[in-house]
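This report goes through the sheets, helix contacts and cores of one model. Please keep the sequence and structure at hand while reading.

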Amino acid sequence: MATSNRYVCIHGHFYQPPRENPWLEAVELQDSAAPFHDWNERINFECYAPNAAARILNTDQRIVNIVNNYARISFNFGPTLLSWMEAADPATYGRILEADRKSQELFDGHGSALAQAHSHLILPLCNHRDKVTQVVWGIQDFEHRFGRKPEGMWLAETAADTDTLEVLADQGIKFTVLAPRQAKAIRKRGEDEWQTLGHAEVDTRRPYWCRLPSGRSIALYFYHGGIAQGVAFEGLLNNGSAFANRFAEAFDPQGEQPQLAHIATDGESYGHHHRHGEMALAACLQHLEEQDIAKITNYGQYLAMFPPAYEVQIHENSSWSCVHGVERWRSNCGCSTGGRPGWTQEWRAPLRKALNDLRDQLIPIYEREAGALIKDVWAARDDYIQVLLERTPARIDAFIDRHARRKLTAAEETQLLRLMEMQRHAMLMFTSCGWFFDEVSGIETNQILQYANRAIHYAAQVSDAGLHDEFIAHLAQTPSNIYSSAAESYQKYVVPARVDLVRVGMHYAASSVFEEYPEHLEFFNYTADIEVFYRFSAGKQRLAQGRIKVKSKTTRSEKHFSFAVLYLGQQNIIGNISLDMSRERFDEMSTLTKQAFRSTNLGEVIGLMQEYFGQERFTIAQLFRDEKRKILRQITESSQEKVEKALRDIYEDNYQLMTGMLLSDIPVPAYYRSALEFVINHDLLEVFENGSLNPRRLRSLYAEFRRWNVQLSDEQAFKLAVEERLFRELERMGNEEAALDQLTTLIRVLETVEQLDINLEFWQSQNLYFSLRKAYEEGQRHFKSEDMKQAFERMGTLLSF
């Protein structure tokens with residue numbers, strides 16, 4: 001077979017389960033992702049961003065090029081992930097969009113990005129309306145971001161049935177990608193007889209037409225299972241050339257027709273699951289082209305060049321990650337992540353039933369209540385994605401204008417928005433991750449139960465429906481491997497996460513003791529407007545009082561609050577809040593409590609607060625997680641300074657004694673060594689986090705580091721601090737012509753850091769250096785002297801170029 005007829009396509013499915021608190025619409029702190037804020041941030045650092053700037057190395061393991069992998073592979077990103085990335089890492093987000101534009105230049109106008117059914121639901125298990133909405137939302141999200149119509153769409157877990165394919169075809173989707181075991185039978189076009197296939201027996205080197213009952217057709221690609229398995233589980237990403245050679249082995253050497261060797265895997269394989277997997281991917285693509293093994297293509301281009309000559313039937317209700325079809329998401333089929341002897345997944349079926357029943361109870365509420373306000377309730381739900389893509393007052397107003405039967409009052413607008421959000425959460429609660437793992441009390445299942453809780457809450461607001469008790473009764477019949485039932489874990493983890501406007505008001509009031517808030521504040525998906533605010537201090541004690549209006553940006557609902565908060569020191573806060581206190585009564589309370597506070601009579605302050613607000617109090621526990629951590633850090637700062645001073649005094653007062661013990665081979669006592677390790681680690685980190693870089697100070701600390709055989713107390717945090725500081729210093733070079741002494745200082749610092757013998761990541765700095773080097777090579781920048789040029793080249797060597 002001629003090499004010109006060999007093609008390779010690598011597809012990456014880049015996705016993270018939704019992690020936002022459904023009440024705040026924000027990802028809260030996740031300790032397990034430390035030192036990053038949350039797992040989205042961590043995986044972005046390890047995978048999504050590196051694939052937008054992947055290194056190509058030579059035989060000496062030096063960087064010779066940096067490439068955007070996304071431009072030469074096929075890929076899809078979960079819409080919820082891209083929504084997070086757009087705000088959290090706009091640079092990487094922009095490179096992904098740019099990669100799709102570049103791929104259109106490379107592949108005859110066919111972009112490499114695929115859309116995804118929006119919220120990662122197992123579509124064969126959805127009702128027809130939800131299938132349509134998920135596909136429509138996925139398409140419109142894609143068009144909003146990539147500026148074109150998608151040719152292909154990724155299905156969550158490649159789960160497919162005929163009705164799902166009908167929905168894709170009806171919405172103009174040309175193709176999707178499935179697992180080889182999902183093919184049931186094939187035949188050549190024009191023939192009558194179907195050839196039944198064994199397990200994963202389909203020839204994956206060609207696309208197939210799937211003729212649908214409606215008369216429409218959709219093209220199906222079945223990826224090469226062996227190579228995909230090698231990427232995910234067999235270490236194929238340890239070597240880019242070996243990865244490329246596996247594709248060469250997939251071709252029929254005697255074949256004369258065009259052949260496509262292609263795979264689909266989790267995109268997180270390339271950097272998160274497999275360290276530096278993005279480099280293996282870049283090396284593979286380079287090796288394929290340099291060795292003339294095959295041409296790189298994408299699915300859209302290949303379909304246009306070589307339309308299918310065969311037809312296929314699929315196994316109904318099949319997927320790529322469950323050999324039993326789609327049972328992993330509705331039964332105890334035996335598929336699990338493993339490692340827990342004795343555990344079962346008997347909880348999957350009753351959980352599915354509980355959520356199906358809840359969905360079906362919400363439908364008539366939605367149809368009845370929304371039908372009184374808008375013309376077509378299901379067309380409006382399909383169009384609600386336009387609000388989710390850009391939740392601004394203008395977009396919300398335009399949505400209401402398009403669908404309302406008449407001019408709506410403010411209360412009716414809130415009612416409508418609550419109904420739309422109820423339906424959004426009624427779909428989010430079916431996100432596939434909730435069933436994928438081994439235990440009903442896991443974080444993924446708790447996440448979808450939070451969506452269910454939110455939908456139930458909206459239902460209670462828009463109607464007289466009380467669905468919560470019945471839902472808990474369903475969960476009580478759902479077994480757990482850890483708790484008495486799913487109801488117990490739900491009450492422990494899900495219910496406490498609920499946030500309403502009163503909780504938001506409590507958060508504002510408690511945090512106002514510490515924060516300087518403007519008159520108008522936006523936080524999470526709420527706004528707060530101050531009518532009046534006072535704060536008084538007496539030593540460590542503080543008193544804050546105020547009247548505010550809190551409003552939801554999601555539903556436009558709002559409430560007015562009066563509050564008083566007394567801070568007694570440490571973590572001790574006493575707060576009261578009222579929804580119905582008049583301005584006159586507030587002013588009276590404020591005057592009396594202020595007088596009592598200034599007379600240092602804290603008991604009287606507390607008594608007055610109880611008199612005017614009642615017995616119910618709130619504490620620091622009402623703060624949202626991130627703000628609570630932030631304030632607790634502020635509270636501990638003064639104590640921390642005392643601890644630091646005490647440890648430094650021990651270190652300095654006993655340094656000579658410890659030195660003598662070291663020289664005499666006498667073990668240094670643990671309490672001395674603790675002080676020594678703290679001070680050296682603290683000062684080493686301080687070099688990079690604060691002040692000017694001082695190579696002499698750094699060398700001195702390095703000598704101490706080696707002399708006492710100190711280990712980094714938080715290696716990951718130190719590595720991030722070094723990388724961030726280096727990047728900031730290089731940015732200064734990018735913005736202004738660096739002085740030679742500035743560059744020399746940076747080189748000396750790097751030379752010392754290199755001796756610490758830790759695996760430092762200079763990813764951002766390497767990207768910036770690479771762009772600066774290109775600017776010099778292309779004549780956009782010029783060296784002022786030969787010494788400057790040599791210093792720049794030395795910097796490149798230290799950065800592995």
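Which residue of β19 stands opposite Phe533? In this predicted model, Gly546 of β19 takes that place.

Strand β18 covers residues 526–538 and strand β19 residues 541–552, and the two pair in the antiparallel sense over 12 bridges. They belong to an open sheet of five strands, ordered β17-β18-β19-β20-β21, with antiparallel pairing. β17 (520–523) and β21 (572–578) stand at the edges with a single partner strand each, so one side of each has no neighbour in the sheet. Direction ignored, neighbouring strands of this sheet are turned against each other by 30 degrees on average. Helix α20 (residues 583–598) lies across β18, β19 and β20 (558–569), and runs at about 155 degrees to β19.

Phe561 is placed in strand β20. Its relative accessibility is 2%, and because buried means under 20%, Phe561 counts as buried. Leaving aside neighbours within four places in sequence, the residues in contact with Phe561 include Gly546, Arg547, Ile548 and Val550, as well as Ile577, Ser578 and Leu579. Leu501, Val502 and Gly505 are also in contact with Phe561. Gly505 is 56 residues from Phe561 along the chain, with 6.9 Å between the C-alpha atoms of the two.

**The six-stranded sheet**

Another open sheet has six strands in the order β9-β13-β12-β16-β10-β11, with mixed pairing. Its edge strands, β9 (175–178) and β11 (195–196), each pair on one side only. Within this sheet, β12 (residues 208–211) and β16 (residues 310–314) run parallel and are joined by two bridges. Tyr208 stands opposite Tyr310 in β16. Helix α5 (residues 162–170) packs on the sheet and touches β9, β12, β13 (217–222) and β16, its direction making about 115 degrees with that of β13.

Is strand β7 (residues 113–116) covered on one face or on both? Both faces are covered: Ala113 and Ala115 on one side, and Leu114 and Gln116 on the other, are all buried. The pairings of β7 are listed below.

| Partner strand | Pairing with β7 | Opposite residues |
|---|---|---|
| β6 (residues 74–77) | parallel, two bridges | Phe75 and Ala113 |
| β8 (residues 153–154) | parallel, two bridges | Trp154 and Gln116 |

**A helix pair**

Helices α17 (residues 468–476) and α18 (residues 486–494) have axes that come within 6 Å and cross at roughly 130 degrees. That angle makes α17 oblique to α18. On the α17 side the contact is made by His468, Phe471, Ile472, Leu475 and Ala476, and on the α18 side by Ala486, Ala487, Tyr490 and Gln491. Seven of these residues are nonpolar, two are polar and none is charged.

**Nonpolar cores**

In soluble globular proteins, nonpolar side chains tend to be buried together. The largest nonpolar core here has 157 residues, and those with the most contacts inside it are Ile10, Tyr70, Phe77, Phe243, Phe247 and Phe471. Phe471 also takes part in the contact of α17 with α18. Apart from neighbours within four places in sequence, Phe243 is in contact with Ile10, Ile227, Val231, Leu236, Leu237, Ile263, Tyr270, Ala280, Leu281 and Cys284. A second, separate core has 52 residues, including Met658, Val679, Phe727 and Phe801.

Definitions and conventions: Residues are numbered from 1 along each chain as its sequence is written. This is a predicted model: local features need pLDDT of at least 70, side-chain atom pairs count only at pLDDT 80 or more; totals for chains, interfaces and linings use all residues. Side-chain values use heavy atoms; hydrogens and water are left out. A nonpolar core is a set of buried Ala, Val, Leu, Ile, Met, Phe, Trp, Tyr and Cys residues joined through side-chain atoms within 4.5 Å. Buried means under 20% relative accessible area, exposed over 50%, partly exposed in between (1.4 Å probe, protein chains only). Contact means heavy atoms within 4.5 Å. Axes are lines fitted to C-alpha atoms, for helices over the stretch in contact, and angles run from 0 to 180 degrees between N-to-C directions. Helices (H or I, at least four residues) and strands (E, at least two) are DSSP runs, numbered from the N terminus. Angles under 35 degrees count as roughly parallel, over 145 as roughly antiparallel, 65 to 115 as roughly perpendicular and the rest as oblique. Ala, Val, Leu, Ile, Met, Phe, Trp, Tyr, Cys and Pro count as nonpolar, Asp, Glu, Lys and Arg as charged, and the others, Gly among them, as polar. Two strands pair if DSSP finds at least two bridges between them.
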